[in-house]
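Welcome! Let's learn to read a protein structure together, one feature at a time. Take a moment to look it over.

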Amino acid sequence: MKKTILNPAATRALVPHLAKTRNPNVWVYRYDHPNSWRLSIATHAEPGSDKLSLGGFRIAPEERTSVPGFDSDIEAIELAMGMEEKVYWSRILGVGGPLARRDMRRIVGGKCVLHPTTDARVGQPRDRDLLDFATACLIDCDLTAGIRITTGQDLGHGVLSDGRTQSLDYLHRGFRGSVVADTSRPTGEGNYHVLCGMLQAFGLSPSDAVVGLIGCGNIGMHVIDRLREHRTKILAVESKPERRAALERLGVTARAPHEKGTFLKEPMDALVLNASGGSLDRESVRLSSSNARLKVICGSENLVMEDSADAEIYRVSHKAYCPTELGGMMGYLTAVEQYLAELEAVLFDAETLFDAAAALARPACDATKYMLDHDFKVGFEEAIEAISA
């Protein structure tokens, strides 16, 4: 395999808006296999720093790789930037399991993006070869870069071609930094509590609200299960026909992705985003910002907006938009908690992450109230920093 290292100057040339972020320094370790596989490991961890580089291991799905101009380096950099935002908000709010809170200063954002060939995707004949390649790359990067890569669940995983082995389990056997905890449940729980806190600021309970969801995978379904406890009226957009049918049986009005424009015009109080990326394209932002009843936009979707500056459209429209990086922090916090627990041979207790997720409701409510009290002259990020100060 061939290894190429991109320094911060090179990554900023690839992704110019990286230069305007809180931490503009990202390194990329790119590994190319003769079979045309590529693994891009992006990290904010300085070489030799021994920092924990947190972010999921993504096997880029077909809906991403088929986009014209897809580049795993760029995808990894942009996702690492989002992860660094999650780490930042965790520090500001003091949210996390006991081990993560103790080591928060060592944690930075990162991401691994694997671009496979069709015959090597999970469930295809060469899937083990692909993951063996990825494992070798992770081990090499961990040792030679002097950082500690810690990856969790992300897109593209499932049962291997042997019909029984989970891809995450297979990765974990070869590389201990690839953890197997179900990060979707704590992430979904964090989504739910952020949503409830924001609705509370508007004087709404889940039982009073109409909630729309885009993306009903593991995270979205966890949010739906929690909302059904309150008999919340739920609307959804979901790409998989079998999942839409299951949602309809639960009493959820479910639409296909091509109906998103109609969905965004429906009367709803909150919009929760958990699809595979790009849900808030410019037209979707325009439509949802014009929805008179809509008050709250949140979720944990990665790369949700084409341009992060579009969040200003919501603020000007007097709608509270919680950055999905903040709403999605529980996933990485689960991964790092398991990694540190195993490293120190202590019991990993997933329940501590549910307690941490519940702690997101209060700051979500207070930040939204702050925006309301200041007539939306400040955005959600400024509001969080203000109430935390």
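A: Let's begin with a definition: contact, or touching, means heavy atoms within 4.5 Å. This is a predicted model, in which local features need pLDDT of at least 70 and side-chain atom pairs count only at pLDDT 80 or more, while totals for chains, interfaces and linings use all residues. Residues are numbered from 1 along each chain as its sequence is written, and side-chain values use heavy atoms, with hydrogens and water left out.

Q: Which residues does Asp32 touch, not counting residues up to four places away in sequence?

A: Asp32 touches Met1, Lys2, Trp37, Arg38 and Phe133, with that neighbourhood in sequence left out. One of these, Arg38, has a side chain joined to that of Asp32 by a polar contact of 2.6 Å. A polar contact is a pair of N or O atoms within 3.5 Å; within protein, one must be able to donate a hydrogen and the other to accept it, and residues adjacent in sequence count only if both atoms are side-chain atoms.

Q: Where is Asp32, and is it buried or exposed?

A: Asp32 belongs to strand 2 (residues 27–32). Helices (H or I, at least four residues) and strands (E, at least two) are DSSP runs, numbered from the N terminus. Buried means under 20% relative accessible area, exposed over 50%, and partly exposed in between (1.4 Å probe, protein chains only). With a relative accessible area of 18%, Asp32 is buried.

Q: How do I read the buried side of a helix, say helix 17?

A: An α-helix has 3.6 residues a turn, so residues three or four places apart point the same way. In helix 17 (residues 380–388), the residues Phe380, Ala383 and Ile384 are buried. Down the helix axis, the buried residues of helix 17 fall within an arc of 100° (taken from the directions from the axis to the C-beta atoms), so they line one face. They pack against helix 3 (72–93), helix 7 (184–201), strand 13 (320–321), helix 13 (324–327) and helix 16 (361–373).

Q: Which strands pair with strand 11?

A: Two strands pair if DSSP finds at least two bridges between them. Strand 8 (residues 210–214) runs parallel to strand 11 and is joined to it by four bridges; here Ile214 has Leu273 as its bridge partner. Strand 12 (residues 296–299) is also parallel to strand 11, again with four bridges, and Val272 stands opposite Cys298. From strand 11 the chain passes through helix 11 (residues 282–289) to strand 12 in a right-handed β-α-β crossover. Right-handed means that, with the strands pointing away from the viewer, the path from the first strand over the helix to the second runs clockwise.

Q: What covers the faces of strand 11?

A: In strand 11 (residues 270–273), Ala270 and Val272 on one side and Leu271 and Leu273 on the other are all buried, and both faces are covered.

Q: How should I read a positive phi, as in Arg231?

A: Most residues other than glycine have a negative phi. Arg231, which is not a glycine, has a positive phi near 60°. Arg231 sits in the loop between helix 8 (218–228) and strand 9 (233–237) and is exposed, at 77% relative accessible area. Ala345 also has a positive phi, of about 55°; this residue lies in the loop between helix 14 and helix 15 (351–358) and is exposed at 71%.
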